[in-house]
Amino acid sequence: MDLEAKKKVLRSFTYGLYILTAKDGEEYAAGTVNWVTQASFTPPLIALGVKRDSRLHALIERTGRLALMTLAADQKAIAQDFFKPTQREGETLNGHPFVPSPTFGLPLLTELPYWLEAEVRHLYPGGDHSLVVAEVVEAGVRYEAKPLVMWDTGWFYGG
């Protein structure tokens, strides 16, 4: 296989940017993710890749719950803030305010336009990421916004 071609093809896929959160008791984890897609209408399922050696993965695997928020096109700086380990100070994660989600009490960043809560239905280990299939149990819109997409950032994750 031509490795450069493979990398370019995989990087040509359309990826949005999201903040993924999980919580178990007083242990919190949050991170920027981009391998996300809707997988079913009925029931409403999403599929996402989660790095296997991350705290996020450990909490999602342990609790079976996650929250996912869509970043707006002008929120690249927020995406960058969640490339580093999660720091909770009061009601902020990595300096960004959050509120507990209505169903599971997971952190929802209040600056981001769209959010959902989901319950894991399947977790498939594979390679350096697991494929998580989760059912959406609640969702909300804070405001309408164009989503941040990987291509517009100049970043690449994958390939």
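Which residue forms a salt bridge with D24, and how far apart are the closest N and O atoms? The partner is R62, with the closest N and O atoms 2.9 Å apart, where a salt bridge is a side-chain nitrogen of Lys or Arg within 4 Å of a carboxyl oxygen of Asp or Glu. The pair links distant parts of the chain, since D24 belongs to strand 1 (residues 18–24) and R62 to helix 2 (residues 55–63), 38 residues apart; helices (H or I, at least four residues) and strands (E, at least two) are DSSP runs, numbered from the N terminus.

This is a predicted model, in which local features need pLDDT of at least 70 and side-chain atom pairs count only at pLDDT 80 or more, while totals for chains, interfaces and linings use all residues. Residues are numbered from 1 along each chain as its sequence is written, and side-chain values use heavy atoms, with hydrogens and water left out.

A further salt bridge joins R55 to E27, the closest N and O atoms being 4.0 Å apart. R55 lies in helix 2 and E27 in strand 2 (residues 27–33), so this pair ties together parts that are 28 residues apart in sequence. D24, E27, R55 and R62 are linked in a network of salt bridges.

Elsewhere, four strands form an open antiparallel sheet in the order 6-7-8-9, two strands being paired if DSSP finds at least two bridges between them. Strand 6 (88–89) and strand 9 (107–109) stand at the edges with a single partner strand each, so one side of each is left without a neighbour in the sheet. Strand 7 (residues 92–93) pairs with strand 8 (residues 96–100) over two bridges, and L93 stands opposite H96 in strand 8.
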